[in-house]
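Please read them with the structure open.

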Amino acid sequence: MFVKRRIPVVAALAAVVPLALAACSGGGGSDTAAQPSGPVTLTWWHNGTSDPLKGIWEQVVADYHQAHPDVTIKAQPLQNEEFPTKIPLALQSNDPPDVYQAWGGGEMASQVTSGKVADISDATKPWISQAGKLATDWQADGKQYGVPFEQHVVGFWYRKDLFTTAGITSPPSTLDELNAAVGKLKAAGLAPIAVGGKDRWPDAFYYNYFAIRECSNDVLKKSVKAVKLEDPCWTKAGQDLKSFLATQPFQTGFAGTPAQQGAGSSAGLVANGKAAMELQGDWEPGTMSSLTDDKQLDSKVGWFPFPAVAGGAGDPAAALAGGDGFSCTNRAAKACADFLQYLDSEPVQTKIAAAGAGLPVNIAAAKSLKTDTLKTVFDYGQKAPYLQLYFDKAFPTAVGAALNDAVANMFAGQGTPEGIVAAVNQAAAGNK
């Protein structure tokens, strides 16, 4: 999903950088003996391809170099959807990036097998607590192979004004209510839900959530650990998805719509009032703000969790979640870990929160979240009884890709609920 996660932050970091960096220290990971001495240049692959995130990361690079003259960071922004292809190839090469965007889980564990991803357990031990409980998603076999800088919760972002136009008086709390809302929006001549089908991972959010509602937390945990879908709830999730697709809830041409690129993307459609809602993460407000001239957008947008599904064994308050983070490769792992500590420091995390488009991993920064809506999302994630990492990240890379492809095929009118389960299990068997 690739995931997905674009987070604007405020650029005025210079005043707080010296304080933030004064606390930086490196404990020395397993690769410290091989670390370069003297000046270090770190290549940094991130997904901040457009402002405000692109400009913010540029400021971070400049501020960090000012405080650490011996460290030069060369940032290379990449489109979010490029990472699943570029990272595996880079890790097979002799010149991978020193710092790269990573989403943890089974995908990261797959990358670790390359031998190029650094174990930064020792280097991060003194400060990893500031990354919050989400940091465990960047562990494999008990070792720390990356650090999150942003946490995420997925739910429906909606236009309050369009709901009012369609006569919807409150956000849907059940699947039946969501279906009724779709009908009302259609009757009002509005596109009910936008989805970026071209990028596939937004499609997968729907199957993810139906599985979370149909499968118990115990089944979810066991299935992810075994990398095998055996319980009937996985097929039932596909049946739910098929029924939902039959209501035709999405905009015309959704299969060719990108998720975040341009005003015609799914995020752009909601931002410009062309669609009423979108199932996306907490990065959505920041993404939308770059795709519209509407300066009042924040006041027009609300959020509600994925609705309950009648008869499902899953906890109706469980959430699809994850985060954005970075991993280090071996060449300069200690310098990389020090940089990651800076990104998770309270001053930088406060700027992320204050931007209004993301949830900080450093809980001390949560008080600075820009809008009440984002505070609601943050609180929902903190109180959720179970957080399920996006399945395309929880599973090994090839298995997650097979899941996304199978779901996308169903969105295209092909495939079956049983086919989704079979695709995952076949990919898992081939991955062993």
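How many aromatic pairs does the count come to?

1. The model is a predicted one. By the rule applied here, the count comes to 29 aromatic pairs. One of them joins Phe205 and Tyr390, whose ring centres are 5.9 Å apart. The planes of these two rings stand at 35°, so the pair is classed as tilted, since stacked pairs need planes under 30 degrees apart and edge-to-face pairs over 60.

2. Phe205 belongs to helix H8, whereas Tyr390 sits in the loop between strand S12 (387-389) and helix H17 (391-394). The pair therefore ties together parts that are 185 residues apart in sequence. Phe205 and Tyr390 are both buried.

3. There is also an aromatic cluster. Its members include Phe156, Tyr158, Phe163, Tyr206, Tyr209 and Phe210.

4. The largest nonpolar core has 89 residues. Those touching the most other members are Phe156, Tyr206, Tyr207, Trp234, Leu241, Phe250 and Met277. The element that gives the most to this core is helix H8 (residues 201-214), with 8 residues.

5. Next, the packing of H8 on H10. Their axes cross at roughly 130° and come within 8 Å. That angle makes H8 oblique to H10, and the crossing is right-handed. On the H8 side the contact is made by Tyr206, Tyr207, Phe210, Ala211 and Glu214. On the H10 side it involves Cys233, Trp234, Lys236, Ala237, Gly238, Asp240, Leu241 and Phe244.

6. Helix H2 (residues 53-67) and helix H14 (residues 333-343) form another packed pair, with axes 12 Å apart and an angle of about 120°. H2 and H14 are therefore oblique to each other, and they cross in the right-handed sense. From H2, the residues Trp57, Val60, Asp63 and Tyr64 meet Ala335, Asp338, Phe339, Tyr342 and Leu343 of H14.

7. Is Thr373 buried or exposed? Its relative accessibility is 17%, so Thr373 counts as buried, the limit being under 20%. Thr373 lies in helix H16 (residues 372-383). Leaving out residues up to four places away in sequence, Thr373 touches Trp157, Val301, Gly302 and Trp303.

8. Where does Gln261 lie? It is in the loop between helix H10 (232-245) and helix H11 (266-271). With a relative accessible area of 41%, Gln261 is partly exposed, because that class runs between the 20% limit for buried and the 50% limit for exposed. Apart from neighbours within four places in sequence, Gln261 is in contact with Gln79 and Glu81. Gln261 and Lys228 are 33 residues apart in sequence, and their C-alpha atoms are 34 Å apart in space.

Definitions and conventions: Residues numbered from 1 in each chain as written. Predicted model: local features only at pLDDT ≥ 70, side-chain atom pairs only at ≥ 80, totals over all residues. Heavy atoms only, no water. Core = buried A, V, L, I, M, F, W, Y, C linked by side-chain atoms within 4.5 Å. Buried < 20%, exposed > 50% of the residue type's maximum accessible area, 1.4 Å probe, protein only. Helix = DSSP H or I, 4+ residues; strand = E, 2+ residues; numbered from the N terminus. Contact = heavy atoms within 4.5 Å. Phe/Tyr/Trp six-rings, centres within 6.5 Å; stacked < 30°, edge-to-face > 60°. Axes fitted to C-alpha atoms, helices over the stretch in contact; angles between N-to-C directions. Parallel < 35°, antiparallel > 145°, perpendicular 65-115°, else oblique. Left-handed = near helix turned anticlockwise from the far one by under 90°.
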